[in-house]
Amino acid sequence: MRTFLIVLCLFLTGTVHAKELILQPVRVAENVYAVIGDLGGQTYENDGLNSNLGFVVSDAGVLVINTGPSQRVAQALHTAIKKITSQPVKWAINVNSQNHYWLGNTYFKSLGAVIIAHKEADRIMRETGEVQLDANKTLLKEKIKGTRLTFPSELMDETRELKLGGTIVQLIYFGRAHTPGDMVVWLPQQKIVYGGDIVFTDRMLAVIPIGDSKGWVEAFDKLMQLKPSFVVPGHGRSTAPEKASKDTHDYLVYLRAAAKKAIDQAETLQDTVDNLDQSQFKYLANFDLLAKRNLNRVYLEIEKESF
Ligand SMILES: [Zn+2]
């Protein structure tokens, strides 16, 4: 009978309806929340949500950190917010230019929110937005419905401070890291930082062509100089700063030192990638997929840095 009804529904509407998406925010501190995405890749099943979203509730409105990879995820985030507060969403931050952080912008703009990103993130969104949206259409099929490109309405450069009633939020740029336009959201009163893609925990980070592993280590060090008591990463579970350092900083430093040594000893790229023992980081999810690829990229970066 159930199958019959589904077939009938398909026949009548001609479309498949994905079941409702319910997001479960985790309370990080009073009025501070995170939605932790899957540790693996973006899939149809996980709604492309393999990164973290967040929000801060104040008496002047709600600030959303990341709008998700689709209109559907943005809407589900808003539904989750409404279960916690009746305050309207007035600000939305895109911590970088990657699809999972900004393709839900259209939804929050329709609520009247100001959308803020770093100017470098905005540049990349404009250059690659169509390609990002097409990729998500292929991945998410009918779940992408309603998703359109909406670029940030305000850009920041080095720092920007927002006063949400009595709550202070600082947006800070530490230079090129995972991507050219990574931003962190710092709550100085609570000493909590949303590290964006400067911080990966529990899962292996990815060194990608538009990034810069040297800048990334420097950005991470500057982030830690804020002395956060708690870190919400871009990918992975929220954690104490020590764990964030181990999973992100120590791994990057290890890769860079190993690649530098190999280049100094005239070891080829192929031999280096084949022979370096990265097993101390095997506890990170996606190790098999990313370990060799990351070393490959870092080797090429260091080779370039030496000239
Ligand atoms: Zn990311």
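## Accessibility and positive phi

Buried means under 20% relative accessible area, exposed means over 50%, and partly exposed lies in between. In this predicted model, Asn 286 has a relative accessibility of 22% and therefore counts as partly exposed. Asn 286 sits in the loop that joins α8 and α9. Its phi is positive, about 70°, although the residue is not a glycine. Most residues other than glycine have a negative phi.

Ala 266 is another non-glycine residue with a positive phi, here of about 60°. The loop between α7 and α8 (269-275) holds Ala 266. With a relative accessible area of 67%, Ala 266 is exposed, because exposed means over 50%.

Helix α7 covers residues 241-264, 24 residues in total. From the first C-alpha of α7 to the last the distance is 33 Å, close to the 34 Å expected at 1.5 Å a residue. The helix has a bend of about 30° at His 249. After α7 comes Ala 266, with its positive phi near 60°.

Helix α6 has 13 residues, 213-225. It reaches 19 Å between its first and last C-alpha, close to the expected 18 Å. Which residues of α6 are buried? They are Ser 213, Gly 215, Trp 216, Val 217, Ala 219, Phe 220, Leu 223 and Met 224. The elements they pack against are the strands β10, β11 and β12 and the helices α7 and α9.

## The largest pocket

The largest pocket has about 620 Å³ of space. It is lined by 27 residues, and those closest to its centre are Gln 42, Gln 98, His 100, Ala 206 and Ile 208. Which element gives the most to the lining? It is α5, with five residues. By residue class, the lining of the pocket has 11 nonpolar, 13 polar and three charged residues.

Two of the residues closest to the pocket centre, Gln 98 and Ile 208, are also contacts of Thr 179. Thr 179 lies in the loop between β9 (167-173) and β10 (183-187). Its relative accessibility is 0%, so Thr 179 counts as buried. Apart from neighbours within four places in sequence, Thr 179 is in contact with Asn 96, Gln 98, Ile 208, Ile 210 and Gly 211.

Asn 136 belongs to helix α5, the element that gives the most to the lining of the largest pocket. Is Asn 136 buried or exposed? It is buried, because its relative accessible area is 3%. Leaving out residues up to four places away in sequence, Asn 136 touches Pro 69, Asn 99, Leu 103, Lys 141 and Ile 144.

## The cavity

The structure holds one cavity of 30 Å³ or more. About 50 Å³ of space lies in the largest cavity. Its lining is made up of 13 residues. Among these, Asn 52, Asn 66, Gly 196, Pro 233 and Gly 234 lie nearest the centre of the cavity. The elements that give two or more residues to the lining are β3 (53-58), β11 (192-200) and β12 (230-235). The lining has seven nonpolar residues and six polar ones, with no charged residue.

## Ser 51

Ser 51 is in the loop between β2 (32-35) and β3. It is buried because its relative accessible area is 0%. Ser 51 and Pro 233 are 182 residues apart along the chain, and their C-alpha atoms are separated by 8.6 Å. Pro 233 is one of the residues nearest the centre of the largest cavity.

Not counting residues up to four places away in sequence, Ser 51 touches Val 35, Gly 37, His 100, Tyr 101, Gly 234 and His 235. Of these contacts, Gly 234 is among the residues nearest the cavity centre, and His 100 is among those closest to the centre of the largest pocket.

Note on methods. Residues are numbered from 1 along each chain as its sequence is written. This is a predicted model: local features need pLDDT of at least 70, side-chain atom pairs count only at pLDDT 80 or more; totals for chains, interfaces and linings use all residues. Side-chain values use heavy atoms; hydrogens and water are left out. On a 1 Å grid over the protein atoms alone, a cavity is a set of points where a 1.4 Å probe fits but cannot get out, and a pocket is an open set with protein on both sides within 12 Å along at least five of seven lines; lining residues have an atom within 4 Å of a point. Grid points are joined across faces, edges and corners, and a volume is the space filled by probe spheres set on the points. Helices (H or I, at least four residues) and strands (E, at least two) are DSSP runs, numbered from the N terminus. Ala, Val, Leu, Ile, Met, Phe, Trp, Tyr, Cys and Pro count as nonpolar, Asp, Glu, Lys and Arg as charged, and the others, Gly among them, as polar. The expected span of a helix is 1.5 Å times one less than its number of residues. The bend at a residue is the angle between axes fitted to the seven residues ending there and the seven starting there. Buried means under 20% relative accessible area, exposed over 50%, partly exposed in between (1.4 Å probe, protein chains only). Contact means heavy atoms within 4.5 Å.
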